[in-house]
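Please look at the sequence and the structure below before reading on. The report that follows goes through some of the contacts within and between the chains.

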Amino acid sequence: MATAHSKTAARFMISPAVVLLLAWMIVPLAMTIYFSFLRYSLLSPGEETFTGWDNYTYFLTDPAFVAAFTNTIILVVGVLLITVILGIALAILLDQPMWGQGIVRILVIAPFFVMPTVSALVWKNMFMDPVNGLFAHAAKALGLQPFEFLSHAPLASIILIVSWQWLPFATLILLTAMQSLDQEQLEASEMDGASKWSRFYYIVLPHLSRAITVVILIQTIFLLSVFAEILVTTNGGPGTASTNITYLVYAQSLLQFDVGGGSAGGIIAVILANIVAIFLMRMIGKNLEA
Amino acid sequence: MKLFTRALLGVSALALLASPALAETITIATVNNGDMIRMQKLAGEFTAQNPDIELEWVTLEENILRQRVTTDVATKGGQYDVMTIGTYEVPIWGSKGWLVSLNDLPASYDVDDILPAIRGGLTVDGELYAAPFYGESSMVMYRKDLMEKAGLTMPEAPTWEFIGEAARAMTDKDNEIYGACFRGKAGWGENMAFLTAMANSFGAKWFDMDWNPQFTGEAWTETLNFYVNLLNDAGPPGASNNGFNENLSLFQTGKCGMWIDATVAASFVTNPNDSQVADQVGFALAPDTGLGKRGNWLWAWSLAIPAGTEKADAAKKFVAWATSKEYLELVAANEGWANVPPGTRTSLYENPEYAKVPFAKMTLESINSADPQNPTIDPVPYVGVQFVAIPEFQGIATSTGQQFSAALAGSISVEEALQNAQNLTEREMKRSGYIK
Amino acid sequence: MARAVTNQRKLVFTLVAWTIGIAIFFPILWTFLTSFKTEAEGDCIAPLIPVL
């Protein structure tokens, strides 16, 4: 039984861990906020001056900012739609009895272990390249003109690459959820004459909702900061067609060793990510309760 | 037994005392190019001559190296005693006083032997701030057989007009032969290196003497129109995503008629192990428009000593060794003349052994025709052929590069791209305080 | 009680799942095969069976 005294002692004992964790989080954040108000370039050290909101207005009025913002949203939503819908389908399929189930599962999960830069290079040079790529060879074999993926549909191509990397994650989480589904419930409904569609819609989907929420939340965190794929394939171009916020921070600030501008861009990215997170939690967060 | 232990302890104590006096360790940051790896392999020769100096290597990929050394030198971190940097950094860092002057190298080093164009790019106000390890320029590499089939002969010093005509004549899209393979991928070291050098030969410039950007001027309009039209007519599909490596693979698989890129590529495309067209490659100087400047760039990976180091003397000894004539001979003796780091010393090109290397002469002429101190036809306030040696350039050129690759991909017009480039450069220059 | 699975049903699922699995895995497989090719062979599409 916990007395008031032992509670105090317990709090006192966990305090070092809490303080350490807090410092771990707060100190870098506070320094970033502090830097974001300075005109601070690594290339002219010792000349830091306070500039107020200059770095922020500069970043927000960047001609590429609006494009980068919409691209970020399109990228996140696009990848989420693809991975969640295909992930559900794959999870249901892989849950069925079949020969070689273990091997098929490994095949499906394998892309998750490929590093982003490597997968971007592979897709760019071996598949999407309009001269030597496999898609171009296939198009030519069918007598078609090869499509220039990265020039004419850069964002869609990046969505494809990123979806390929994240589909295994969604499948894996949803598959484990499928395995905890009560088979007898399904059979009972089948005997009551429920169609396949209604069994999916009224039993399977509600059962998966919590897992889907987890997939969406975790993937959103990572998808907001997609960078390597863009750097390797298109460098954010043509124009700003595939520039997202992360890449914009890189191009506008880090390439120039501009610590102040980079910090401001980083803080804006954090704020945007939080806005997205609040919306997400409002929309689907209730699935996590109970 | 006890005595033995004591003796052992005594000896090791002595060794501990003696070692700091004997050896000084210098840390060298370098890039992971073939030539640098070779230097690392041969460095035993240097430590044998200088037993009091020990070497520690930090070998990094180009972009990471640039970030690390820039951060270190700017914050006076003092992690490195010798840094490998390029012609872009040297003028900036030299004028900030971040580098040790190398004007006092011994006479045996023969500093006058360094190619004047390279030396000019590494000198600020008469002080040499870095010693060139290898130098490169850009030139035209073309397919002799395709040129012949098109009924044309490549002059040694072509004009852009001829390049345009030849590229269109060589192109045979049904058989996947593309006359013009140029860099199109956005980036300050990718399409902007090519376009800035090309623009110089069209009489264009980045800034006037008051640092006002010049993209909306006639010369840039002409340059970009020529580039976009030529690549649309005679370039490979997806040219707006092609950088050095993509074009290299296109050329090696026989899909390019002409490729204008770094002189170091010559050794790759003439190597029969990697290239299907090795025996059909010809070389020519980068094109011009008759205005007096050619469209080739100049770059030199160089060794410099940061001003903060306490081991400047040992570092200087190493820099002098690695960029000396003796080092070139050492490489030649171990690996053959074709693997000697090119483009730094006149004496190398006077060597009859080296003259046998097929691309030696054209490399030298290309380097000599670039002048980083006076890169453009009109006077400009900056140094650098394919770049502008100011700290802001990397960021600005990456953004303008995106605009120009968009123009090439056809998602915006040439006029829009130039107007956007003009606006964003002006914005950045105002913020940085160049334009008052 | 688990439902008895007919072999025919199982076969259909096996075929579909293997097709999709291999399609998803294909880029990795292709990269692996290409790693045995020389620069020049990398350009042609015929898969190369490594000779050991």
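## Polar contacts and the model

A polar contact is a pair of N or O atoms within 3.5 Å, and within protein one of the two must be able to donate a hydrogen and the other to accept it. The model shown here is a predicted one, and everything said below should be read with that in mind.

## Two domains in chain B

Chain B is divided into domain 1, made of residues 22–136 + 298–356, and domain 2, made of residues 138–297 + 382–431. Between the C-alpha centres of domain 1 of chain B and domain 2 of chain B there is a distance of 29 Å, and where these domains touch, nine residues from domain 1 of chain B and 16 residues from domain 2 of chain B take part in the contact.

The size of an interface is often given as the accessible area lost when the parts come together. For domain 1 of chain B and domain 2 of chain B this buried area is about 1000 Å², with carbon and sulfur atoms giving 65% of it. On the side of domain 1 of chain B, the residues B:Tyr88, B:Glu136 and B:Leu298 supply 59% of the area that this domain buries against domain 2 of chain B, which is more than any other three residues. Across the interface of these two domains the rule finds zero salt bridges, whereas it does find three residue pairs in polar contact, with both residues at pLDDT 80 or more. Three elements of chain B, namely α5 (89–95), β6 (131–143) and β10 (298–304), each supply at least two residues of the side of domain 1 that touches domain 2, and by class the residues of that side divide into six nonpolar, one polar and two charged.

## A buried asparagine in chain B

B:Asn200 lies in helix α9 of chain B, which covers residues 191–201. Is B:Asn200 buried or exposed? B:Asn200 counts as buried because its relative accessibility is 2%, and buried means under 20% relative accessible area. When its neighbours within four places in sequence are left aside, B:Asn200 is in contact with B:Lys293, B:Pro375, B:Thr376, B:Ile377 and B:Val385.

## Where chain A meets chain B

The contact between the two chains brings 40 residues of chain A together with 41 residues of chain B. Chain A and chain B bury about 3100 Å² between them, and 49% of this area is on carbon and sulfur atoms. Among the residues of chain A, A:Leu43, A:Tyr58 and A:Val131 supply 20% of the area that chain A buries against chain B, more than any other three residues.

How many salt bridges does the rule find across the interface of chain A and chain B? The rule finds four salt bridges there, and A:Asp258 forms a salt bridge with B:Arg431, in which the closest N and O atoms are 2.8 Å apart. Between chain A and chain B there are also 17 residue pairs in polar contact, both residues being at pLDDT 80 or more. The helices α2 (54–60), α5 (116–128), α7 (149–152), α11 (228–233) and α12 (245–252) of chain A each supply at least two residues of the side of chain A that touches chain B, and that side has 15 nonpolar, 18 polar and seven charged residues.

## Salt bridges within chain B

Over all chains, the count comes to 24 salt bridges. One of the pairs is B:Asp35 with B:Arg38, whose side chains meet at 3.3 Å, N to O. Because they are three residues apart in helix α2 (residues 34–42) of chain B, B:Asp35 and B:Arg38 are separated by about one helical turn, and both B:Asp35 and B:Arg38 are buried.

A salt bridge also joins B:Lys361 and B:Glu156, with the closest N and O atoms 3.6 Å apart. This pair links distant parts of the chain, 205 residues apart, since B:Lys361 is in helix α16 (residues 360–368) of chain B and B:Glu156 is in the loop between α7 (144–149) and α8 (160–170) of chain B. B:Lys361 counts as partly exposed at 47% relative accessibility, and B:Glu156 is partly exposed as well, with a relative accessible area of 46%.

Conventions. Residues numbered from 1 in each chain as written. Chains lettered and ligands numbered in written order. Predicted model: local features only at pLDDT ≥ 70, side-chain atom pairs only at ≥ 80, totals over all residues. Heavy atoms only, no water. Domains from an automatic or database assignment. Contact = heavy atoms within 4.5 Å. Buried area = accessible area lost by both parts, 1.4 Å probe. Polar contact = N/O pair within 3.5 Å; in protein donor to acceptor, adjacent residues only side chain to side chain. Helix = DSSP H or I, 4+ residues; strand = E, 2+ residues; numbered from the N terminus. Nonpolar A, V, L, I, M, F, W, Y, C, P; charged D, E, K, R; others polar. Buried < 20%, exposed > 50% of the residue type's maximum accessible area, 1.4 Å probe, protein only.
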